[in-house]
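Open the file in your viewer and keep the selection panel at hand. The stops below go from helix packing to aromatic rings.

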Amino acid sequence: MRPHWFRHRIRHEGWRPLIIGVRCALAALGSVELSRYLGLHYPIYALVAAIMVTEYHGEETRKQSATRFLGNSIGIISGAILSTCLGGQAWVIGLATFFMILFCYYFNLALAAKYSAFVAALTVMDHSDTPWLYGRDRIIETLIGIIFAVLMSLIIPVPKGKKQTLVTTE
């Protein structure tokens, strides 16, 4: 690698990759450590939420956070209900996925559809013996990851652009 690769990237991309990288790293670190400290069973979900919702602009991070949390919450509740009533068979996994996609599109929550389908299917597939305990921990861990991502977007701001000066000739 040539020594100027980083300067070239900064000139081409701006500070965007560096800011996103630092935010993701700090949010992931903080969310995993807090989840472990609290004794939660699946700190990986805090890590995933922190990284997946982090965006360059803080408003976008907050928008992604709301979608992620909504999708997770709907998916956990429906997955827990389905696994409690129907068990953890393969056809229930398919039913949970199908139902969540239709539900989210019907209620104009298309952005949350894949999150909710994934979480509902995962709840049925791997956690059908204790779906409500898993759901509680999953919501808390997702919330921890989201909080750290939003905090990092507030603490590490986007650099201000250079001001354009108007040149007038008289």
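At what angle do the axes of helix 4 and helix 7 cross? This is a predicted model. Select helix 4, residues 58–86, together with helix 7, residues 131–155. Their axes cross at roughly 180° and come within 10 Å. Angles over 145 degrees count as roughly antiparallel, and helix 4 and helix 7 are therefore roughly antiparallel to each other. By class, their contact has 13 nonpolar, ten polar and three charged residues.

The crossing is right-handed. To show the contact, select Tyr45, Ala46, Ala49, Ala50 and Val53 on helix 3, and Tyr134, Arg138, Glu141, Thr142, Ile144, Gly145, Ile146 and Ala149 on helix 7. By class, this contact has nine nonpolar, two polar and two charged residues.

Next, the rings. The whole structure has six aromatic pairs. For one of them, select tyrosine 42 and tyrosine 45: the ring centres are 5.9 Å apart and the planes are at 50°, so the pair is tilted. Tyrosine 42 is partly exposed, at 29% relative accessible area, while tyrosine 45 is buried at 14%.

Move to tyrosine 106 and phenylalanine 107. Their ring centres are 4.9 Å apart with planes at 85°, so this pair is edge-to-face. Tyrosine 106 is exposed at 68% relative accessibility; phenylalanine 107 is partly exposed at 47%.

Technical notes: Residues are numbered from 1 along each chain as its sequence is written. This is a predicted model: local features need pLDDT of at least 70, side-chain atom pairs count only at pLDDT 80 or more; totals for chains, interfaces and linings use all residues. Side-chain values use heavy atoms; hydrogens and water are left out. Axes are lines fitted to C-alpha atoms, for helices over the stretch in contact, and angles run from 0 to 180 degrees between N-to-C directions. Helices (H or I, at least four residues) and strands (E, at least two) are DSSP runs, numbered from the N terminus. A crossing is left-handed if the near helix is turned anticlockwise from the far one by less than a right angle, and right-handed if clockwise. Contact means heavy atoms within 4.5 Å. Ala, Val, Leu, Ile, Met, Phe, Trp, Tyr, Cys and Pro count as nonpolar, Asp, Glu, Lys and Arg as charged, and the others, Gly among them, as polar. Angles under 35 degrees count as roughly parallel, over 145 as roughly antiparallel, 65 to 115 as roughly perpendicular and the rest as oblique. Rings of Phe, Tyr and Trp (its six-membered ring) pair if their centres lie within 6.5 Å; planes under 30 degrees apart count as stacked, over 60 as edge-to-face and the rest as tilted. Buried means under 20% relative accessible area, exposed over 50%, partly exposed in between (1.4 Å probe, protein chains only).
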